[in-house]
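Please look over the structure shown below. The report that follows takes up its charged pairs, then its sheet.

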Amino acid sequence: MDSRNRPELFDFHGVPMTREYTENWVDVQNFKARPDDIIIASYPKSGNTWLSYIMDLLYNEETRGREKSLKIFQRVHMLESTFHLLEPGTEMLNKLLISPRLIKTHLPVHFLPKSFWDQNCRIIYVARNAKDIVVSYFNFERMTILHPEPGDWSSYLHRFMEGKLLFGSWYDHVSGWWRRKQTYPHLHFMFYEDLIEDTKGELDKLCSFLGLSPSDEDKEEILHKVHFDEMKKNEVVNHATVDTMDFKISPFMRKGKVGDWKNHFTVAQNEEFDKVYKEKMKNSTLCFRTEI
Ligand code: PPS
């Protein structure tokens with residue numbers, strides 16, 4: 001594991017961010033989108049890697065034959081990333097010759113570069129219920145030195161409720177993207193819980209949004225490859241070789257379930273969380289399932 005210090009959060013235009021996702025901000029904001037770019041957006045820990053792999057299999061499976069060793073973050077580049085020793089996401093994307101470019105982002109909707117809207121790019125947003133997010137995010141931040149130190153579970157839960165984690169408030173993130181969906185027709189909004197419950201049905205809806213019609217055989221193959229158990233043992237997506245993550249603390253492909261929060265929340269924490277949730281989401285029409 002890499003021995004660098006963990007980054008500090010700071011206020012970035014009203015959103016808690018770190019250097020790793022803001023250092024290249026001028027290039028991010030001036031990024032020139034191509035009309036066929038496809039954005040895969042989400043709050044952290046919502047299933048972005050799952051969607052990214054599905055998208056990579058849909059678009060690049062044939063050409064990837066020669067490049068089997070490419071990891072998911074080399075297949076779907078993260079727009080805002082400026083990681084130590086790696087080229088910034090914008091530079092890697094500018095060099096990409098493939099079409100469409102698949103682009104990952106965790107940015108809140110108002111941070112997405114203007115060019116993507118001007119070019120009417122297609123966007124897939126995947127959302128996951130807040131309780132499972134906070135558990136997944138806590139375990140992730142314990143194991144990766146690329147994020148700030150999470151501290152103990154109880155204080156972490158409170159910081160989540162206050163919107164003080166990296167990439168800001170989950171409540172604002174999901175509500176902001178959901179509002180945008182009401183006026184922007186090229187945004188396909190998906191839920192992690194639906195993907196778990198009916199992966200095939202969600203794949204069909206996704207293909208219909210993208211205008212793709214893979215054969216039944218290809219779809220079966222994709223469904224097999226993107227099953228949690230398969231992805232967990234696949235080095236393309238499981239992050240097992242990433243030296244900034246300590247799998248002895250927690251694996252990247254951790255549980256992949258809806259409702260794992262029940263193993264972490266006390267009754268009192270759940271009551272407080274529900275109260276805060278009701279208040280924060282009172283103006284949103286978004287509905288999440290915390291169990292299926
Ligand atoms: S990141 O680092 O923010 O991009 O993380 P992200 O990929 O968005 O989310 C990671 C969580 O998604 C789970 N995951 C899956 N669940 C079910 N099936 C499949 N195939 C799958 N792939 C990824 C992953 O396990 C993380 O959730 P938790 O709850 O921690 O297990």
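The side chains of Glu202 and Lys205 meet in a salt bridge, with N and O 2.9 Å apart. This is a predicted model. Both residues belong to helix α10, which covers residues 199–210. Three residues separate Glu202 from Lys205, about one turn of the helix. Are the two partners buried or exposed? Glu202 has a relative accessible area of 6%, so with the cut-off for buried at under 20% this residue is buried. Lys205 counts as partly exposed because its relative accessibility is 47%, between the limits of 20% and 50%.

A second pair joins Lys262 and Glu291. Their closest N and O atoms are 2.9 Å apart. Lys262 is partly exposed, at 43% relative accessible area. Glu291 is partly exposed too, at 47%.

Arg19 is partly exposed, with 36% relative accessibility. Here a network forms: salt bridges link Arg19, Glu20 and Glu23. Side chains of opposite charge can pair when their charged atoms come close.

The table lists these three pairs.

| Salt bridge | Closest N to O distance |
|---|---|
| Lys262 and Glu291 | 2.9 Å |

How many salt bridges does the whole structure hold? A search finds 21.

Now the sheet. Five strands form an open sheet in the order β4-β5-β3-β6-β7, and the pairing is parallel. Which strands stand at the edges? They are β4 (77–78) and β7 (187–191). Each has a single partner strand, so one side of each is left without a neighbour in the sheet. The partner of β7 is β6, residues 122–127. These two strands pair in the parallel sense over five bridges. Within this pairing, Tyr125 stands opposite Phe189 in β7.

Helices pack on the sheet as well. Helix α2, residues 48–60, touches β3 (38–41), β5 (102–105), β6 and β7. The direction of α2 makes about 160 degrees with that of β3. Helix α8, residues 170–183, also packs on the sheet, touching β3, β6 and β7. The direction of α8 makes about 140 degrees with that of β7.

Technical notes:
Residues numbered from 1 in each chain as written. Predicted model: local features only at pLDDT ≥ 70, side-chain atom pairs only at ≥ 80, totals over all residues. Heavy atoms only, no water. Salt bridge = Lys/Arg side-chain N within 4 Å of Asp/Glu carboxyl O. Buried < 20%, exposed > 50% of the residue type's maximum accessible area, 1.4 Å probe, protein only. Helix = DSSP H or I, 4+ residues; strand = E, 2+ residues; numbered from the N terminus. Pairing = 2+ DSSP bridges. Contact = heavy atoms within 4.5 Å. Axes fitted to C-alpha atoms, helices over the stretch in contact; angles between N-to-C directions.
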